[in-house]
Structures are given as C-alpha cells and as structure tokens.
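Q: Please take a close look at one part of this structure, the place where the two chains meet. What does each side bring to it, and how is the contact made up?

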Amino acid sequence: MKRRDAIRAGGSIVASATLAGCLDTLGFQTQSAWRDPPLPSNRPDAVYYPAIVEEMGMYGMKEVPAEGVTFALMFSYPHRFWTVTGTNKQRVVVNSDDSLHLMASLWDTESQTVLPADISLEVLNDGESVTQRSLWPMLSQTMGFHYGDNFSLPDEGQYTARLSVGPVQARRTGSFESRFENSMETEIDFEFDTTNTYNLDLRRLGTKSGERGAVEPTMEEMPAGRTPMESELPGEIIGAASSGDATFVISYIETASRFGDRSYLAVSPRTPYNRIMLPLMSLSATVVRGGSTVFDDILTETLDPVFGDHYGGTVGQLQSGDTVTVTVDAPPQMSRHDGYETAFFDMPPIEVTV
Amino acid sequence: MPSSHNTDPPVDESEIKSSADHSTTKLEQMRFRRPLRLGIQFVIWTVVIAFFVDTVSAANGLTLSGGSRDELAIPQWLYLGTGGATVGASALLASFVTDRIFIRKIHEWNRPLLPVDRWEGVVTKVGRAVGVVILILTIYVGYMGPQLPNASFAILVTFAGGRAALPMVAYLIGNVWSILNPWRTIALVLPTGFQTYPSKIKRWPAVFGLLTLVWIEVIFPVSTVPTVLATAIVGYSVVTLAGAVVFGVDPWFENADPLAVLFGLYGAVAPIQRHNGTIQVKLPGSELTNAEILSDTSDIAFVIALIWELTFSGFITTSAGAGTVSTLVGIVPVELIPTTVQATVVYTVLFVVGFLVFFAAYWYAANLSRQWVGTYVSTETLRRSFAPSLLAIAAGYHFAHYAGLFISLSPALVMALQSPFTPPANPIVLTLPGWFGGLSIASILVGHLLAIGAAHAVSYKIFASRLVAIRSQYPFVLVMIGYTVISLWIISLPSAIPPFLQ
C-alpha cells in the first residue's frame, strides 16, 4: 500500500508540474524570438543602416474635419526600441506576449504638417477596453516621426482603436496660431490577423548595415514628418551645421508679423538624409557682438505652417560679424528604432557667424 | 591499479603475428609509458581547461535574436569539474582497461529489445507518411508562408528538426531517418534502376554531397530566408530522386545520398541497433568497433567531413572566425571583384582546405601508427578500423553545437508543427541557462572519451599484443585530441555573425 501511495503521490506531482515549470526550474526561460533582433557590430554614434528593416501596414486613416487634422493607424511586427530620458536611453525589448507594434500619426490635413502631441491609444473589443496606454513619440527610418508602442492582444479578430490627443504644447504661429488647442478623439476599426503581419515585407540590409545612412520612409499616403528643404525656408539662412549627426539649419527673419514683428531666429533641426523633424528638444541661443553678449535665452519649440516644427526666439537686429551659438540643453526626447538610437545624443553647441 | 596483466589469457599472446616482441624490457618500458601517457593527457586537459575558464559558449546564426548570445557564461566550477572528471575518467580508462576479455565484453554487451517483424510494417508506413507530408509542407510553406525564420515552419522543421534534432535522435537513440526519409519513400513508388551504380566511385558522391550541402548552408541564406530554403530543398529533391530513379533506391541511398549516409553513420554511435531482425540495446559507442561500418576511403572522408563541417560552421560564427574571414577578404588586392564574391571565395577555400587538413591529419596518423608498431596490418585497414571511433567525436560536437539551438527553438517548432499555415503573432523561444554551456563542453568530452574507448577496443581487436595495441593508438589519439581541442576552443569563443553573408 505504501508503495502504491508513493507512486500515486509521485504521479500527481509529476502531473501538476507543468513542462514550463520544469524548464523554469532548470533555468530555461521563454522569451519572444524577436526580443532583441541583431544589431550591426560597430554602430557609429550617428544615423546608420539597421540590420533589418520592416515594412508596415495601414489599418486606416480618419479625418477629423472640425479640427482639420487626419489620424492614421498602422501596424508591424512587435519591435525593439529605445526610450530616451534626458541623455539616458533604455532598451525596450519585445515581450513574449506582444502581438504587434501599433503606430499612429497625426497631421494637419491641408499643409500635411505632422503635429507633435500627446497621443494615447485605447484598444477596444466589442466596446470593452482591452488595453490603454500613452504612445511614445518615435523616430524610425521607415516611418519617420510617429507615435507607437508594442501591444498585446488576446486573439486575432475585430478591434477598435480609440486615439485621444491633447492640445499641441508647442507654441503655434501663423495660421496655426488658434488651432490644435482642443483635445480630440477618433476611432479606427481594424482586424488583427497575423497573416497580414507576416505579409509585411522584411529586408535585410546585409553588408550595408552599420554604415552611416538611412533608408527612405516608405509610407506614401501619409507625411513622414519631414522639415522643409533648406532652400525652401523663409528668411536668410545664416548657417547650417551638424551636431550629434543632426543637421541644424539656422534662419534669420528680419521682420514677420506672425513672429511678433521683431527679428526672429529660427533653428530647424532635422535628421540627416531624410530631413525628419526633431521635436522635444531643449535649445538655447546666444548672440555675441564684439565680445559682449547681446542675446542669451532659450528657444521655444514652435509649430509654423512654413517652418514646420522648429525652435525660435526673438533676437534683436543681427549684424554682420555677430556670432550665434545654439546650445542643445536636451537632445530629442523621442524613442528611437534601430538606426537612430545612437545618434542625437552627444550634441556639442553650434556656432555660426553672420 | 591494474592486476589485469595476470588475468590476460596467454592464448592471445601466443597468437601474435605482429613483429613486436615481448621482452621484459619492453614491459618495463610500458610501466613507465602509461604514467607518461596519463601525464601528457592530464597536462593537455589542464591547459585546455585553464585556457577556457570564464569564456562563453557558441550559438548559431539561425535565430534572429542576437541579444541572448553572450549570456551563456560557463561557471568556473562546472568547467573545472567537467574537465577534472574527464581527466580522471580517461585515466581510469587507460589504466583499468587492459583486460581484453573485459574490453570485448563491454563492446559486445547487448540486450535484445524486441523483434522487428511484429510492428515494423505499421511504424514504417506511418513514419514514411509523416516524412513525405512534412517534406511537402516544408516546400509549400517555404514559398507561401511567413518569411520570418522563427515563424517559418520550413526553417524550423529543417534546422531545429532535420539539422539539430534528427541527428541527435540518431546518435542518442537510434537512426530513424531510414524510415522517415521522404525521398526514399517517393523513389520507392517510381520506376527505378536504369543503370548500375558504378561501384568504383564508392561513397564519394555522398562526401561531395555533404560538403556541398554545408557549403550551401554557409553561402546562401537558407537558414534565414524560407523561399531560398524551399528552392534548395526542391533542388535537392530533383537531384536525389533523379539519382534514385537512375541507379536504384538502395544503391543511391546507401552510397550517394549524403543525408542517408549521415544518419546511418550517426546511428552507429547509438545505443539502439538493429541486428538480424532484432532491435538491440548496446552500450553507446560500442558499435563503433565494428569494422564493417566503413569499407572504403570515401567512408573515412565522410566521417572526417562530419567533424569538419561542424568545426567549420562553428568557427565562422565566432569572433575569431569572423575576424579571419574579414582579414582574408581584406588582403585580397582585387578591387574590381565585389566583396561578396571575394568573401564567397574565401569561405570556400577555407572550407575545402580545412577539410583536406583534417583528412590529411587522420591519413598520416595511420601511416605513423603502422610505422611505430611495425605491423603486417595494412595502413588501409588501420585507417578503416579506427575511423568509426571518430563518429563519437562528431556526435559529441554536434550535440555541443546544436542541442542548444534545438532546445531554444523547440517552443517555436512545436507551434509551427501545430499550425504550419498560421504562425503565432509572436514566436516563443527558450533562453538557455548558464549551465548549458557546461553541457556543451561535457558533450564534447564525452564524445572524445567514447572515441578513445572505441579506438582502444579496436586496437585490441587488431593486435594481439597489448603493447602493440596501445602503441598503435597513439597517433590516432593525438589526432582525436587535436579535433577535440579545436572544438572546445571554438565553443569557448564569443559568437559573431559570419561577415559578408546575407
């Protein structure tokens, strides 16, 4: 009897101990196969070609006519990315329960200017909330500037994405002055089907990966958040220089009513190669004339229909020989996908002479 | 310490036909030589172990995940423990086992498990059906299914299954490929045997085939891009089926098909063997003393190719290997030729030259062995008799190289087998704990031990004199130690992605 009891007890123990638990005891742990995709060795401290680039798919676009803005919701494989706080970055790996990477973008319908804002996304299934979270402002080579995160969905099927946006925090000028002041909300329905995800193209960049450069943004229906070309910027370009691999184009406008009828210094930082906007930075500028400082102040992040997202301040009349120094007090507080995570951190001041 | 000298039957000694004499001086020398041999082994292992403490284990280039690679640090105590146990075990092996009856008993021990005829029909039918279905699915899903390696049924079945798990089953349990082999099953229903297989080419086609398969695996992205893999499998199927149709099913799969030969030979290491219609349990590696396993130089070349392909594909996925390739590509002064072409040439030359070096090392070991003992036994016979023991080394290294890959990908493989057409949203893999690196090292050492043991037994089969038998092994043991040390070195290196390849 005793032996039989022992066997029975043993049997029930074996039965209750799942294989997973067993493997866990031995030190094996489950994780996503995409947890941490390969990184090229010797990444430069600059924008570089990633090892792999993935296409993304469109779940839908929706215009909010009352506000004159358009939302888009896109998807891709769950992605690894880096969040940025100050000058620290934190790698966010793909969890084993992440189902997909959801991305949102928001732009002024008429000017196609991408808006920097706080977006949160709630996923609903039959009216019931599945998950809700604030999206990270992000920079990726195939999408440009967007908002996104990895999401875990219980199953394949029909879902609704409810996108909520607060007022745009940046100062607005020109025709944008009285706009983007309200909170908005829109809903985009989508069907989560892994087949759609697996149909997305995936490109290995081979020997190119790790080299300085960037692939072109691939979305055609929507803006990638590009800044205007240097030649299209208004005012007098007093300099364009690179810092931390970002290009800073500095323009000086003698007088323009939308900037308060005073001389305006506009700094438009952008990524190299694709001119993607770099919001969420802290910049300040000084103007030195003949050894004495005539201007020293922070530059305000500003959204302008012509400049797009830029940083500006009203300086006095600039004179020939003035030295303008732009200091980066904080690099762009944006999450980065592969290819951008090493750039825009160590950003020395830029000095130009008028 | 051994008292076996006294128990050795005098009959064996009197049957000696070799030229070695048995003067007391020689026996005296022998007493010193054995400690010397142990001493040398001890020193070698100590150096090896001291050199690799605090290193990391290798991984494979297949998985998209690169981040977990450097987490396989091996605890020092385990490395030292394993190494120490090995030194101790080989010492035991060398000192205790000079009793030829004992040796023979060990290698001939077997227990009949069950007769084949009762269930063979059913198992064969099911196994063949499974094999063919998986082949068709692999090709179809390879072209039509997801193109991500960890979510692809085709890639997972081919590499976690065929490349990693099936050889492990073959050498740890027994060869099941002879049943699963889908090409053989398909060829069985085709009209075959239009030509007689040219017997003078022996198994050279299989040697060439194996080297070609590994070369393709290295050069082309078969382990990462499912469509490329599917194309390679279609190509392999065409060649294999054409060969089987022209030359007949058995001649083709016994001589020319690299996979059938590979699984057959790995199966020789296994504890489960088939003899005269009965499934027997034997001690692992004991079948390796069977001189009938290999019958020709081409067979020896195949065994060496097995060791070399694992060494090579291991080497190029390490930092040292990647560095070597980059350096070699860098010194080629031709600017006009694209880098990828240069890299392909470098990989190919390394692959071929390395194989020739490995083969030559073994080839000359036999010459040396014959010179040292001055025997009537031909070099050819020595070569063939000792070569099967190398299979244990190949098996040990295969385990070291692929067990981790298999376990890591097993959850993804199970998911792929459950639903080949609809992959999961996020395939799951297992991370390997730190001690797993120690297991890899242990498997290499166990393979080495089995090989030494088999060589020991083989030498006692060939030579009546213990003295001659032991001396005849020296060159082979040296070559084996060479192969093993290289393997241990490779798995201790940090991993890298082979440069210039897609």
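A: What follows goes through the contact between the chains, and then a hairpin in one of them. The model is a predicted one.

The contact draws on 30 residues from chain A and 29 residues from chain B. Between them, chain B and chain A bury an area of about 2,500 Å². Carbon and sulfur atoms give 62% of that area. The rule finds eight residue pairs in polar contact across the interface of chain B and chain A, with both residues at pLDDT 80 or more. For salt bridges across this interface, the count is zero.

On the side of chain B that touches chain A, two elements each supply at least two residues: β4 (428-431) and α18 (435-462). Of the elements on this side, β4(B) gives the most, with four residues. Sorted by class, the side of chain B that touches chain A holds 20 nonpolar and nine polar residues, and no charged residues.

β4(B) also pairs with a strand of the other chain. Strand β1 of chain A, residues 29-32, is joined to β4(B) by four bridges, and the two run antiparallel. Within this pairing, Val429(B) in β4(B) has Gln31(A) opposite.

Chain B also has a pairing of its own. Its strands β2 (residues 272-275) and β3 (residues 278-282) pair in the antiparallel sense, over four bridges. Here Arg274(B) stands opposite Ile279(B), a residue of β3(B). The hairpin of β2(B) and β3(B) has two residues between the strands, and in this hairpin Asn276(B) takes a positive phi near 45°.

Notes:
Residues numbered from 1 in each chain as written. Chains lettered and ligands numbered in written order. Predicted model: local features only at pLDDT ≥ 70, side-chain atom pairs only at ≥ 80, totals over all residues. Heavy atoms only, no water. Contact = heavy atoms within 4.5 Å. Buried area = accessible area lost by both parts, 1.4 Å probe. Salt bridge = Lys/Arg side-chain N within 4 Å of Asp/Glu carboxyl O. Polar contact = N/O pair within 3.5 Å; in protein donor to acceptor, adjacent residues only side chain to side chain. Nonpolar A, V, L, I, M, F, W, Y, C, P; charged D, E, K, R; others polar. Pairing = 2+ DSSP bridges.
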